[in-house]
Amino acid sequence: MSDWRYHISHNLGTLTAVGLFAVMFTIYISNHEAGLTPAVATTAANKAVLLALVAMAQTIPVLTRGLDLSVGSVFVLANCLASAIVVGTIGQGLLGCVAVLLLGIVCGFVNGAIVVWGRLQPIITTLATGAIFYGIALWIRPTPGGDVQYDIADFVAGQLFGVVPTALVVLLLVVLLVWIPYRSSPLGRGAYAVGSNEQAAYMSGVPVEKAKIAAYTLAGFLASLGGLILTFNTYSGEASAAIGGTYTLNSIAAVVIGGTSLFGGWGSAIGSIFGAFVLRTIEDLLFVFDLPPLWQPLFQGVVLLVAISLGAIRVFRIRNRLELFT
Amino acid sequence: MTERTPLLELKGVSKRYGGIAALTDVDFKAYSGEIHAVLGENGAGKSTLIKIASGVTDASEGEVLVNGTPFRFRSPTDAMRAGVVCVFQELSLLPDMTVADNLSMAGTPTRGGFIDQKAQRARAVELLKRVGCEDVHPLELVKNLPLSRRQMVEIAKALAKKPKLLILDEATSALTAKDVERIYLIIRELREEGVGILYVSHRMHEIEELADVATVFRNGRKIETFKKGARSVNEIIQMMIGREVTHHYPPKPPFDDSRQPALTVSNLSWGHDLNGISFTAGKGEIVGLGGLDGQGQRELLLALFGVLKGVEGTVSVDGRSLQLSGPRSAMTAPLPLALIPEDRKVEGLMLPMSVRDNLTLASLQQLRSGLGIDTERETAAVNEMVARMQIKAPDTSAAVGTLSGGNQQKVVLAKWLMTDPGIILLNDPTRGIDVGTKQEIYRLLRNLAAEGKTIVFYSTDYAELIGCCDKVLILYGGRITRELKGEDCTEHNIVAGALNVNPVPEKAA
């Protein structure tokens with residue numbers, strides 16, 4: 001089928017990220033003294049899934065040619081809130097989980113509403129709202145601490161049937177139940193259309209405003225899910241500016257490594273997941289090769305630079321020099 | 001024909017942008033089962049008419065009626081729901097998405113809230129077949145298609161919306177002859193099905209071949225609606241030109257064929273946009289580039305300034321050949337080139353920066369002293385230029401963005417004059433500026449020419465070409481189709497040349 005040629009070329013960015021991760025992870029595992037045991041996999045997965053969720057969150061506004069600098073803050077805010085309300089019986093804990101995710105949805109909706117109705121630039125809007133969300137997190141949890149419902153936490157941070165890391169299953173469910181339905185709905189297509197060419201999208205009858213608001217709202221939801229799972233890993237909440245900032249910046253890096261264009265209209269959240277995995281594996285590689293962890297930023301930078309260079313190949317085909325600047 | 005209810009009717013419609021009237025008190029009717037051609041020069045109001053009819057903008061005054069009932073289109077989607085669908089000149093396709101996605105962008109087939117990929121695919125295959133593009137794969141990305149295919153996909157997309165009134169705005173400008181035939185066939189089929197068609201084209205033979213009715217616009221007013229064959233080509237051209245008061249132009253010296261050549265272009269080609277352009281421009285000569293919009297004039301100027309890559313042919317300046325490798329090399333030619341770009345806000349000015357910084361940006365090399373800039377000389381040069389060009393700015397440190405359009409354009413011109421160019425290329429320099437400034441610019445151009453500078457000047461305003469130029473080159477499809485010298489530069493000849501028809505050549509009295 002010649003269709004395959006198109007499917008492959010449309011997903012080249014994602015496939016490249018998958019390949020890169022596969023190579024790096026194989027090197028990691030083959031140099032790990034214990035090999036691929038459920039415990040090793042679970043440790044790796046628990047760390048990677050957090051960034052993967054925040055990177056998925058970042059992908060969606062980026063697809064609309066926007067950016068969400070508040071994903072890290074929503075992540076931290078969800079963590080702080082969860083450490084306060086996901087407690088008690090299992091039933092109460094689950095109710096708390098729902099409340100945390102609702103808060104994420106509200107945060108995302110606020111971002112989208114300001115960007116669309118306030119007609120402000122996404123980068124500055126989310127910088128401001130991010131600071132506000134972080135402020136609320138500090139208010140909820142001025143000092144690190146809190147608690148979390150142990151049964152839920154142990155389940156999510158553990159393994160399913162003693163083999164598969166539950167966090168990975170959660171991520172898979174998010175892909176199957178959130179990303180894929182979104183991607184194949186008119187709303188998701190609207191996000192791509194808006195990012196590809198907003199004027200043309202408007203002219204074609206795409207509900208531009210709805211698509212943008214939905215994109216930021218979904219980003220808020222995914223980021224808060226990440227914060228919730230963080231709580232299950234740490235059994236506590238911490239309003240840390242450093243964590244928020246790192247997750248925001250790494251999410252953008254993961255989006256780029258995953259082949260999503262910062263100019264919008266092109267890419268996939270699945271690519272971003274593997275982009276996040278790649279970034280996490282760098283850390284693990286430094287560990288197994290006994291290199292100082294201080295080298296991590298340097299290696300991340302090199303990987304990022306290589307990834308974006310691949311995306312810049314188009315420059316060689318340009319005929320009008322003015323197009324270099326668009 | 002009995003009095004039928006028009007599919008679309010405009011009653012007393014006017015449209016103003018700022019203080020400028022784009023459309024004045026227009027009554028217009030389009031019926032089902034009829035191909036209605038809309039004619040007029042650049043800026044006659046055709047695009048505004050279409051924008052109002054398709055819901056892109058709102059009329060300032062007057063009524064829009066669909067099937068006899070007043071209707072207010074707030075967006076293209078509103079117009080689509082009323083059955084009015086437009087194929088836009090500037091394409092409305094989404095470049096990063098597949099052909100199938102694009103064809104189903106509005107009215108996406110869904111099943112249970114999700115996009116029905118199978119139905120979408122089937123629709124795409126059917127539509128592509130209808131427009132004769134079976135060679136286009138539905139999963140191909142639009143940005144990978146050549147322009148002519150993209151235009152066919154655009155038309156297919158319009159057909160997908162099952163229009164009652166289909167508006168085609170210069171829809172065939174990028175098409176091959178075979179595709180044009182196909183489009184004619186589709187248009188006639190649609191007419192048989194009772195669809196109304198508004199057809200905007202500059203190509204006179206297309207109008208003759210297709211239209212049942214034609215309406216001529218000029219200066220935002222409707223001039224006349226007439227049936228096919230009721231008017232001759234010459235009469236139509238006359239209607240399009242009209243009798244209008246022209247601006248005051250500085251007196252032209254008699255045409256001189258013996259000027260020393262400053263710029264010699266031979267066989268310049270670039271992709272499909274420029275096809276073997278050859279001409280010479282003499283010292284002290286103003287050469288106009290005319291013709292319809294988008295026939296390669298812009299590309300020609302960009303190519304001469306070295307902006308385009310992969311240009312074939314040779315260019316020599318003052319007898320020495322010019323490397324087309326970038327603006328730097330053009331600016332350091334024996335007779336330095338300067339290009340006054342089309343969009344002053346994007347390519348010409350740094351709007352937030354001061355008048356002074358903008359003025360000296362291109363000539364900083366000359367004002368250098370050691371590692372820095374000789375500020376005294378800079379100030380002197382800036383003041384001299386502001387006085388010479390009569391740039392009205394509160395202060396040379398004011399941001400350029402705060403000046404009026406006319407003064408902004410003067411800053412762009414002044415910026416390049418400071419580099420002391422020998423050859424000045426201008427891309428539609430008077431668009432969107434007031435009459436007073438226009439006249440100042442005309443005088444300036446004539447004075448520069450008298451100093452021996454060579455000016456190559458593209459304008460969409462025919463009157464300007466006649467008033468200013470010693471020689472006018474008419475471009476059509478990336479070729480020079482006509483060269484009008486001195487007294488031959490009449491509006492009639494320019495319009496006829498632009499439309500590429502051959503009516504009786506008219507000699508000026």
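Reply: In chain B, 10 residues of domain 1 are in contact with 10 residues of domain 3, contact being C-beta atoms, placed from the backbone, within 7 Å. This is a predicted model, in which local features need pLDDT of at least 70, side-chain atom pairs count only at pLDDT 80 or more, and totals for chains, interfaces and linings use all residues. Residues are numbered from 1 along each chain as its sequence is written, while chains are lettered from A and ligands numbered from 1 in the order in which they are written.

Me: How do you know where the domains of chain B lie?

Reply: The bounds come from an automatic or database domain assignment: domain 1 is 1-83 + 164-243, domain 2 is 93-162 and domain 3 is 267-499. The C-alpha centres of domain 1 and domain 3 of chain B lie 35 Å apart.

Me: Why is chain B called as compact as a globular protein of that length?

Reply: The globule rule (2.2 Å times the number of residues to the power 0.38) and the radius of gyration, taken over C-alpha atoms, are compared. For 509 residues the rule gives 23 Å and chain B has 25 Å, which is close, so chain B is as compact as a globular protein of that length.

Methods: Two residues are in contact if their C-beta atoms, placed from the backbone, lie within 7 Å.
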